[in-house]
Amino acid sequence: MRILVVDDDEFILRFFSRALVSFGHSTECVSNGKDAIKTFEQNEFDAVFLDINLPDIDGINVLSLLKRIKDDVIVIMITGINDIDYIRNAMRLGAFDYIIKPINIEDIEILLKRVQDKIFYNKLKREYQQLLEKRVKEATEKLRKLFLDAIFALIKVLEAKEPFHREHSIKVQKIAIEIGKKIGLSSVEISNLSISSLLHDIGKVGIPDGILLKNGSLTKKEFSVIKKHPVIGKEITETFIEEKIIPESILHHHEHFDGSGYPDKLKGENIPLFSRIILIADAIDAMSSNRPYRNKLSLKKITNELKEGAGKQFDPYILKNISDIIERIHFEYYEKENPHM
């Protein structure tokens, strides 16, 4: 083992150095608290013998600082008096044990054996924790896969009802991710945005087919039913998704920047960021795709529609920051995939 000894008594330092070397261990000795902390920060030690009474920093404070640097460090306090309150305080702060002066070499040998046992125990503990973390990660990945499979199944059910919306959710997801990356979202935010955008229309499973699949214009009453799908989507997703931002983003993906949207007529940045992104992605997909009542729009027309909606329907900041990728999105997801449409 490599052991640090901290004591202001030169005789004690020499005694420990000779004893520890005789037991086959390497040592480094310092005589004050500042040097102890500096040396400990710059080197790896298996254990520390630390005098309670040091000339500059109290040994109890040094113990506390060492524990902050490495919380599982093994520290044995050296004391010249059997002060139970002092020792109790050191043990409460995480000291492994204590040794009272004058020091007996047999006591050091016994302590070192216990230190080695503790090091072995700590190693087993770390390995066990790593194994548990690995198994938890594997189990989480399996659950995530099952979760995503269930999501895709729900999406397929929805899109089977609406032939003209086939692949709509996946394309909205892809576009939303492109937008999220462009405006600098973190990997965690991108992951939550990905799920939110994929599930943005999931509430439509609760809309009667007679209204959802109607070929003609919807009546005012029928449109009011359609407008319930964000609320239904939130109610569905919050039952099995822990991240609250996902159901909230689904709930508000039809809110308009000027407050004219639904269901809560939120305005500006009061609308969740993911919802504002999904609204733009949804609009791009809708305008880029054929519908029963019209053919898909040209790239120029789509760009003009987005510009016209900036500050009204759409977040102008987001549009400004994605203006240079709209053409690429349009080509990658529409022209390239459907060159003859």
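Visitor: Leaving aside neighbours within four places in sequence, which residues is I277 in contact with?
Guide: This is a predicted model. Contact here means heavy atoms within 4.5 Å. With neighbours within four places in sequence left aside, the contacts of I277 are A176, I179, I183, L185, L193 and I318.

Visitor: Which element gives the largest share of the largest nonpolar core?
Guide: That core has 26 residues, and I179, I277, I280, L306 and I322 have the most contacts inside it. Elements giving two or more residues to it include α6 (168-182), α7 (187-198) and α13 (299-309). The largest share, 9 residues, comes from α12.

Visitor: Is N122 buried or exposed?
Guide: N122 is found in helix α5 (residues 105-161). Beyond its neighbours within four places in sequence, N122 is in contact with D72 and I74. Its relative accessibility is 11%, and the cut-off for burial is under 20%. N122 therefore counts as buried.

Visitor: Which residues form a nonpolar patch on the surface with Y98?
Guide: Y98 is in strand β5 (residues 97-100). Because its relative accessible area is 31%, Y98 is partly exposed. The patch has about 220 Å² of accessible area together, and the residues that form it with Y98 are M91 and I100.

Conventions:
Residues numbered from 1 in each chain as written. Predicted model: local features only at pLDDT ≥ 70, side-chain atom pairs only at ≥ 80, totals over all residues. Heavy atoms only, no water. Helix = DSSP H or I, 4+ residues; strand = E, 2+ residues; numbered from the N terminus. Buried < 20%, exposed > 50% of the residue type's maximum accessible area, 1.4 Å probe, protein only. Core = buried A, V, L, I, M, F, W, Y, C linked by side-chain atoms within 4.5 Å. Patch = residues over 30% accessible without salt bridge, like charges linked within 9 Å, V, L, I, M, F, W, Y side chains within 5 Å. Areas by Shrake-Rupley, 256 points an atom, 1.4 Å probe, with all protein chains shown as cover. Salt bridge = Lys/Arg side-chain N within 4 Å of Asp/Glu carboxyl O.
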